[in-house]
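I wanted to look up the salt bridges in this structure. These are my notes, pair by pair.

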Amino acid sequence: MAGTNDFSYVMGEIARLRTGLGQLTIREKREREAYVHSCEQADTLMNQELDENKIKANKVIAFMNIAASYGAAQREPEAPRAYDIALLSRLALQINKQAGNDPMAAKLWTEAKAQLAALDQECEQIEQSGRQSVLLAEKQRDRELLLIGEKKKALESDFDALLVSGGFIRFSKACMAAGNAFSGEGEAGKAGFNGAVVIGRQVIPLGLPEGYTEKLSKSAPGLFDCRENALLLPVFASLNQGSILLVDYGDECEGELLDGIKNMIFHAVGRSFEGFRPVEYIDPIRLDSSALGVLAPLCGEDGLISPVPVSAESIKERLAAILEDCGDSPQTNGGAPAEQTG
């Protein structure tokens with residue numbers, strides 16, 4: 001199996017890339033949200049100022065209508081004048097409402113028209129300022145997104161480098177060789193398993209983006225599950241040393257569990273040696289050897305697998321005998337000395 005250093009290197013690099021990508025994704029989301037917020041703020045401020053401008057314009061227009069009622073002569077202003085509602089009020093009070101064409105009414109109309117022109121200019125400036133705020137926010141967003149994109153490309157380059165690194169190649173080859181042994185391909189005891197057999201796979205979620213998962217799947221076929229976005233690492237059990245494996249599984253996974261058990265038994269009997277003791281297989285659900293499939297014929301008094309207990313009482317007796325046997329000898333199956341596993 002691949003060394004611990006290779007595994008640590010590969011998983012450490014993947015974790016670093018995942019963290020980096022996650023941070024960039026959050027940063028990208030924040031930049032887009034900030035842009036939307038800036039645009040909304042600019043739009044809100046612009047509309048508020050336009051509403052205020054409209055209120056002023058309506059007041060000015062009201063004075064123009066008053067002036068038109070009392071003066072026929074209307075002279076266009078020479079230039080816009082700042083909004084001054086107090087001035088318009090004073091001019092309106094000076095109009096001689098009895099006269100048919102009062103000069104003060106004409107003056108009021110000209111002054112009001114000049115103020116309305118200034119308000120029209122102010123309206124254009126407000127709209128221009130709003131557009132400018134949106135453009136600035138857009139430039140800020142684009143600048144930040146460009147930087148984020150460059151950092152994402154750098155991380156993708158790091159990921160590409162990982163896939164061709166010696167550590168990843170050794171790691172993936174060893175894992176795939178172990179997977180071949182689990183699926184019946186290859187020879188037991190090969191690929192550096194050191195007296196251990198593969199009894200299943202451990203699913204390790206990676207949380208990588210789609211583009212990364214495709215590259216990883218191509219670089220290590222069978223080692224990566226695109227649907228689950230996870231590594232499928234082989235799980236080993238030693239045939240040379242005692243061990244206990246507790247498996248919590250759902251009913252829908254029972255077939256896979258039984259395949260793992262059969263694989264382990266297959267490799268155990270395949271490594272039989274002088275003094276080899278039969279494998280003990282106990283099925284408290286079925287109370288027979290039917291779950292062993294093609295290995296079932298190996299069960300029997302003289303078989304490589306001991307007869308399967310057929311009742312709860314016989315299971316208790318068998319377990320008591322196994323525990324007593326384990327207490328009598330620290331050696332492994334058949335009295336063979338235990339070997340160190342790598």
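Entry 1. The model is predicted. I began with Arg-170 and Asp-6, whose side chains form a salt bridge with an N to O distance of 2.9 Å. I then looked up where the two residues sit: Arg-170 belongs to helix α4 (residues 166-182) and Asp-6 to helix α1 (residues 4-70).

Entry 2. For Arg-170 I found a relative accessible area of 47%, which makes the residue partly exposed.

Entry 3. Next I looked up Asp-142 and Arg-141, which form a salt bridge with their closest N and O atoms 2.9 Å apart. Arg-141 is buried, at 18% relative accessibility. Asp-142 is partly exposed, with a relative accessible area of 36%.

Entry 4. I turned to Glu-280 and Arg-318, whose side chains meet in a salt bridge at 2.8 Å, N to O. Glu-280 lies in the loop between α6 (254-270) and α7 (312-328), while Arg-318 is in helix α7, so the pair ties together parts 38 residues apart in sequence. I also noted that Glu-280 is partly exposed, its relative accessible area being 38%.

Entry 5. I found one network in which Glu-13, Arg-16 and Asp-158 are joined by salt bridges that share partners.

Entry 6. Last, I wrote down how many salt bridges are counted: 15.

Key. Residues are numbered from 1 along each chain as its sequence is written. This is a predicted model: local features need pLDDT of at least 70, side-chain atom pairs count only at pLDDT 80 or more; totals for chains, interfaces and linings use all residues. Side-chain values use heavy atoms; hydrogens and water are left out. A salt bridge is a side-chain nitrogen of Lys or Arg within 4 Å of a carboxyl oxygen of Asp or Glu. Helices (H or I, at least four residues) and strands (E, at least two) are DSSP runs, numbered from the N terminus. Buried means under 20% relative accessible area, exposed over 50%, partly exposed in between (1.4 Å probe, protein chains only).
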